[in-house]
Amino acid sequence: MSQSPPPDTLGPIVSSGHLASGALPALSEFEFAMNMTVHAFQRWMIRCMAAAGVSDLSPLDVLVLHNVNHRGKPKRLSDVCLVLNIEDTHLVNYSMKKLERLKLLKGGRRGKEKTVEVTPAGEEACRRYAQIREQLLVRSVRATGIDPVQLSEIAAVMRSLSGQYDQAARAAASL
């Protein structure tokens with residue numbers, strides 16, 4: 001019976017070995033972990049919002065709803081796109097229209113610009129989502145013993161790396 005090699009000799013855990021063979025294999029490991037996290041997070045958002053009573057939303061719809069609900073102020077399309085770091089404004093616009101049809105958002109105007117704000121039904125959906133999140137996700141993550149300061153530091157590194165990916169994307173677009 002063969003034994004597995006010790007964990008420290010396995011190398012990075014990646015989905016694409018050819019990408020991990022360069023100068024920074026840990027970046028490929030990060031990308032694989034991020035991909036897994038993104039998909040798990042998207043599944044979570046959809047199912048949590050469904051449990052909160054609003055089904056048939058995409059992950060983007062949930063993000064837009066929460067962002068528009070943030071601080072209870074009307075938002076412009078460009079504001080939502082900027083905060084969520086979404087380049088394709090038509091995707092966010094479609095999401096806003098869908099949320100308006102569902103009466104979770106309502107349209108308005110600020111001067112000549114169209115705005116959206118959360119409706120009482122949208123605010124209630126966000127409140128129920130937050131309750132379910134506390135019960136199911138926050139409680140579970142806290143039970144792992146992860147230090148909240150460390151979790152915040154990980155988030156800061158991820159935001160910083162997102163800037164590196166954005167810069168690399170701009171450079172790649174000019175090739």
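Reply: Let's start with the word itself: a pocket here is an open set of grid points where a 1.4 Å probe fits, with protein on both sides within 12 Å along at least five of seven lines. Keep in mind that this is a predicted model. In the largest pocket there is about 1,900 Å³ of space.

So who sits around that space? The lining counts 42 residues, and Thr37, Val38, Phe41, Leu63 and Met158 are the closest to the centre. Sorted by class, 29 of the lining residues are nonpolar, seven are polar and six are charged. The elements that each give two or more residues to the lining are α2, α3 (59-69), α4 (77-84), α6 and α7 (148-173).

Two of those elements, α2 and α6, also pack against each other. Helix α2 covers residues 25-51 and helix α6 residues 120-143; their axes lie 8 Å apart, at an angle of about 115 degrees. Their crossing is right-handed. On the α2 side, Trp44, Met45, Cys48, Met49 and Ala51 make the contact, and they meet Ala125, Tyr129, Ile132, Arg133, Leu136 and Leu137 of α6. That contact has 10 nonpolar residues, no polar ones and one charged.

Now step back to the whole protein. There are seven helices and three strands, and along the sequence they run α-α-α-β-α-α-β-β-α-α. The C-alpha trace spans about 65 × 45 × 30 Å along its principal axes. As for the radius of gyration, the protein has 20 Å, whereas a compact globule of 175 residues would be near 16 Å.

Technical notes: Residues numbered from 1 in each chain as written. Predicted model: local features only at pLDDT ≥ 70, side-chain atom pairs only at ≥ 80, totals over all residues. Heavy atoms only, no water. Axes fitted to C-alpha atoms, helices over the stretch in contact; angles between N-to-C directions. Helix = DSSP H or I, 4+ residues; strand = E, 2+ residues; numbered from the N terminus. Left-handed = near helix turned anticlockwise from the far one by under 90°. Contact = heavy atoms within 4.5 Å. Nonpolar A, V, L, I, M, F, W, Y, C, P; charged D, E, K, R; others polar. 1 Å grid on protein atoms, 1.4 Å probe; cavity = no way out; pocket = protein on both sides within 12 Å on 5 of 7 lines; lining within 4 Å. Points joined across faces, edges and corners; volume = space filled by probe spheres on them. Rg over C-alpha atoms; globule rule 2.2 N^0.38 Å.
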